[in-house]
Amino acid sequence: MTGACPTAGGAVAAAGGARAESAGHGGSGARIIAAMRCAVRHAVAALGLAACAAGEVADRPVGSARVGAPDADAVADLGLVPLGRDDASRPPPRDAATARPDAAQPGRDAAVGEEDAATAPDAGLDAAPPVDGAAVPDDPDMQPPECPPGHARQPDGECAPPPDAACAPRAETCNGADDDCDGRVDEAPVCGPWAERACRVTLGWADNRRGPAGPSDTWSACPAMPRQMGGDVRCTTTLGDGRFAHLDLDGNVDENDQLAVAFRCEDPDFAALAEWAETHCAVFLGWADDNRGPAEAEAWGACPAQVAGDGLLRCTSSGYDGVFRALSLDGDVDENDDLAVAFVCRDDADPDRARAFQSGAAVHLAWSPLNQGPPDGAERWTPECPGEDVVRIGRIALPRRCVQSGGDGRFHRLDFALDIDEDDDLGIALKRR
Ligand SMILES: [Ca+2]
Ligand SMILES: [Ca+2]
Ligand SMILES: [Ca+2]
Ligand SMILES: [Ca+2]
């Protein structure tokens, strides 16, 4: 033959004969090669990737060739797989010794393992015995996008970092480590109990603008002391038990009052985790007069894009650094005023971890008038939080109200129902969700 292709059936016969000759007594090398080369071309034509010139085919245009018997059987005889046939039905190469990485793609084939060979689109072609160095078609349209450096194609087609051979998978727990060996740290919502125990929220209040003038590590005696409840500058801190810390207000609460919050974590056994939580999560407080506060919102004024902000929707936060920033209230703080709370975790390098931590813990913020807040250390402020309870004193019904950050990073409003003054209580808690 001189390179012209016979009919598909002829190619099959030629290939079969060549194989018989080869197996039997060697035969003509040139004929074998030519026959197999054309068989490959027909397989390629069936895949729509290449075609013999129409004039080269004696009795049927290549464009009319269809995958199926006898072409498919012939192709299968050569260890090739026609398009549309399941990988599972693919016969193994007849001579394993002849199967070698495709010379056209040495790096790729060398990099992928057996699983890749079973799933890669060119697996059938790669698995074919090499025919006289014939190039395997490498249509870019058939290739999946390259995986990022260091990642490998998974059986489901996704790219993933290579498994850490030293990692022994176990259930993910909150420890700052990747327990289940999926390359992600604490990505499941497992950190609520740890946060409840190891982290603390401090709520500070001041009358007559006596709070620290700028960002401050301390607010009155906190956090060195868990609480200080005398004078114009007061503070209270959660104690790692999920219970409410109680803050007694004093004087009329108005434009000379301030609020502040801090969030700190400490755990000698998991110091890096505590450091991560304190610097990647923050408690936000919002305030608004004249019922301007939204019931639930992604943002409250400038927060959480900024750690504090002025204006009609004022806000402050623990700022991802454990530092107090005073929020100055305005006007008379009364039944038309709103507070709000949010708990926001963010980590550009590991968003799953931040989202999981945020959803695992909640900051509760509560209010009661006329000294009707539950005692310090109460497990609950209201039967449900968010929710409201009613306390009856004779014929007077007084509300207790509670909101919580809810795990969604959004601001949740605490709507005051009465004037706020020295007989009002605020409560703060950090709980697992
Ligand atoms: Ca993990
Ligand atoms: Ca973990
Ligand atoms: Ca005041
Ligand atoms: Ca007001």
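Leu 370 counts as partly exposed because it has 14 C-beta neighbours inside 10 Å; on this scale a residue is buried with 20 or more other C-beta atoms within 10 Å of its own, exposed with 12 or fewer, and partly exposed in between, with C-beta atoms placed from the backbone. Its phi is near 50°, a positive value in a residue other than glycine. You'll find Leu 370 in the loop between strand E13 (361-368) and strand E14 (387-393). Helices (H or I, at least four residues) and strands (E, at least two) are DSSP runs, numbered from the N terminus.

Before going on, a word on what you're looking at: this is a predicted model, where local features need pLDDT of at least 70, side-chain atom pairs count only at pLDDT 80 or more, and totals for chains, interfaces and linings use all residues. Residues are numbered from 1 along each chain as its sequence is written, while chains are lettered from A and ligands numbered from 1 in the order in which they are written.

Cys 181 is another non-glycine residue with a positive phi, about 60° in this case. It sits in the loop between strand E2 (159-160) and helix H7 (192-198). With 15 C-beta neighbours inside 10 Å, Cys 181 also counts as partly exposed.

Now for the cis peptide bonds. One joins Cys 222 and Pro 223, with omega about 5°, and Pro 223 lies in the loop between strand E3 (199-206) and strand E4 (227-228). Another joins Cys 303 and Pro 304, again with omega about 5°; here the proline belongs to the loop between E9 and E10.

Stepping back, the protein chain has nine helices and 17 strands. Of its 433 residues, 39% count as buried. Take the contacts between residues at least 6 apart in sequence: 65% of them join residues at least 24 apart, a contact being two residues whose C-beta atoms, placed from the backbone, lie within 7 Å.

Five of the five residues in E5 are buried. Val 233, Cys 235 and Thr 237 point one way from the strand, and Arg 234 and Thr 236 point the other way. E3 runs antiparallel to E5, joined by five bridges, and two strands pair if DSSP finds at least two bridges between them. In that pairing, Trp 205 stands opposite Arg 234. E4 also pairs with E5 in the antiparallel sense, over two bridges, with Gln 228 opposite Cys 235. E4 and E5 form a hairpin with four residues between them, and Gly 231 in the turn has a positive phi of about 75°.

Further along is an open sheet of five strands, in the order E9-E16-E12-E8-E10, with antiparallel pairing. Its edge strands are E9 (296-297) and E10 (314-317), each pairing on one side only. Strand E8 (residues 281-288) pairs with E10 in the antiparallel sense over four bridges, and Phe 284 stands opposite Ser 317 in E10.

What lies across E8 and strand E12 (338-345)? That is helix H9 (residues 351-360), running at about 140° to E12; axes are lines fitted to C-alpha atoms, for helices over the stretch in contact, and angles run from 0 to 180 degrees between N-to-C directions. H9 is mostly covered, with seven of its 10 residues buried, including Arg 353, Phe 357 and Gln 358. The buried residues of H9 pack against H7, helix H8 (271-280), E8, E12, E13 and strand E17 (425-432).

Phe 284 turns up again in the largest nonpolar core, which has 73 residues; Ala 277, Phe 284, Leu 285, Val 341, Val 363 and Ile 428 touch the most other members. A nonpolar core is a set of buried Ala, Val, Leu, Ile, Met, Phe, Trp, Tyr and Cys residues joined through C-beta atoms within 7 Å. Leaving out residues up to four places away in sequence, Val 341 touches Phe 284, Leu 285, Val 363, Leu 365, Val 403, Ser 405, His 412 and Leu 414.

To finish, look at Glu 388 in strand E14. Glu 388 is partly exposed, with 16 other C-beta atoms within 10 Å. Not counting residues up to four places away in sequence, it touches Thr 382, Pro 399, Arg 400 and Arg 401. Glu 388 and Trp 367 are 21 residues apart in sequence and 9.8 Å apart in space, C-alpha to C-alpha.
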